[in-house]
Amino acid sequence: MSALSTVLRTVVVLLVAWQALVLVLEPPRYILPGPLDVAEALWRQRNYLLANTAVTLAEIAIGFAAGTALGIVTALGIVALPRFGAVAWPLVLVAQAFPVFVIAPLLVLWFGFGMASKVAMTTLIIFFPVASAFADGLRRTDPDMLDAAALTQAGNLETLFQIRVPLALPALISGLRVAAPLAPLGAIIGEWVGASAGLGFVMIQANARLQTDTVFAAMTIVAALTLALRGLVDALAPLLVPWAREA
């Protein structure tokens, strides 16, 4: 609760400083609108922004779920099947090395201007931190635990799902915490490249018309979505791993 209070106080101070700067320097609104201008744009265009927020939120939710599932399955495959891991992991690293702005136009070309390309972009961005963190957690299982499992003549799958996976869940949560702020980024970049709806589309259209207050309004909503997704991950962490307080 104290951390939330600190964040809120910091935000209030920054907003007051921003508004004071605008009042003193009086820049044109198309260069730097004040917080009050942004708030007015949020209210004036609330229906338009709400409709486009729903599109981006759907892309984020589907992409986050798909990226998480793909990352978990890949991590399990890498650890359970060493030969698969030897081939898959270098490919994952190479794919991660490509900048998202290089991949996004290809995804739009392959999947079209609809939601599919944005979901694919979000999935790819979420996939790597989840797969990397979970695979690392699975590999770092205490050797003594594995030796104890061997004494019970447990099979590889039993050891994986009854020992390795539960002990690696805190690492998975860490990966999800890293991935959560990236999910909106994937959707927005996909919308920047080509879209007919969504908050990224709103930003592009407003920027072309020098409606900077609308750009800031859309950015404010994206920031709120990012914080909400990270808060959701933090709220679910104690439910998924109640035995690991640090998760």
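Reply: In this predicted model, helix α9 (residues 182-193) and helix α10 (residues 199-208) have axes that come within 7 Å. The two axes cross at roughly 45°. That angle makes α9 oblique to α10. The crossing of α9 past α10 is right-handed. On the α9 side, the contact is made by I188, E191 and W192. On the α10 side, L199, G200, F201, M203 and I204 take part. By class, this contact of α9 with α10 holds 6 nonpolar residues, 1 polar and 1 charged.

Next comes α6 (115-139). The axes of α6 and α9 lie 8 Å apart. Their packing angle is about 145°. This crossing, too, is right-handed. From α6, the residues in the contact are K118, M121, T122, I125, I126 and P129. They meet L182, A183, L185, G186, A187, G190 and E191 of α9. The contact of α6 with α9 divides into 8 nonpolar, 3 polar and 2 charged residues.

Then there is α3 (46-80). The axes of α3 and α9 come within 9 Å. They cross at roughly 125°. That makes α3 oblique to α9. α3 passes α9 in a right-handed crossing. Four residues need naming on the α3 side: T56, E59, I60 and F64. Their partners in α9 are A183, P184, A187, I188 and E191. Here the classes are 6 nonpolar, 1 polar and 2 charged.

E191 takes part in the contact with α10. E191 is also among the α9 residues that meet α6. And E191 is in the contact with α3. I188 can be followed as well: I188 is in the contact with α10, and I188 is in the contact with α3. A183 and A187 meet α6, and both also meet α3.

Now the pocket. The second largest pocket holds about 370 Å³ of space. Its lining is made of 18 residues. A95, Q96, L124, F127 and F128 lie nearest the pocket centre. Which helices supply at least two residues each to this lining? They are α3, α4 (82-97), α5 (100-111), α6 and α9. The largest share comes from α6, with 6 residues. By class, the lining has 16 nonpolar and 2 polar residues, and no charged ones.

Methods:
Residues are numbered from 1 along each chain as its sequence is written. This is a predicted model: local features need pLDDT of at least 70, side-chain atom pairs count only at pLDDT 80 or more; totals for chains, interfaces and linings use all residues. Side-chain values use heavy atoms; hydrogens and water are left out. Axes are lines fitted to C-alpha atoms, for helices over the stretch in contact, and angles run from 0 to 180 degrees between N-to-C directions. Angles under 35 degrees count as roughly parallel, over 145 as roughly antiparallel, 65 to 115 as roughly perpendicular and the rest as oblique. A crossing is left-handed if the near helix is turned anticlockwise from the far one by less than a right angle, and right-handed if clockwise. Contact means heavy atoms within 4.5 Å. Ala, Val, Leu, Ile, Met, Phe, Trp, Tyr, Cys and Pro count as nonpolar, Asp, Glu, Lys and Arg as charged, and the others, Gly among them, as polar. On a 1 Å grid over the protein atoms alone, a cavity is a set of points where a 1.4 Å probe fits but cannot get out, and a pocket is an open set with protein on both sides within 12 Å along at least five of seven lines; lining residues have an atom within 4 Å of a point. Grid points are joined across faces, edges and corners, and a volume is the space filled by probe spheres set on the points.
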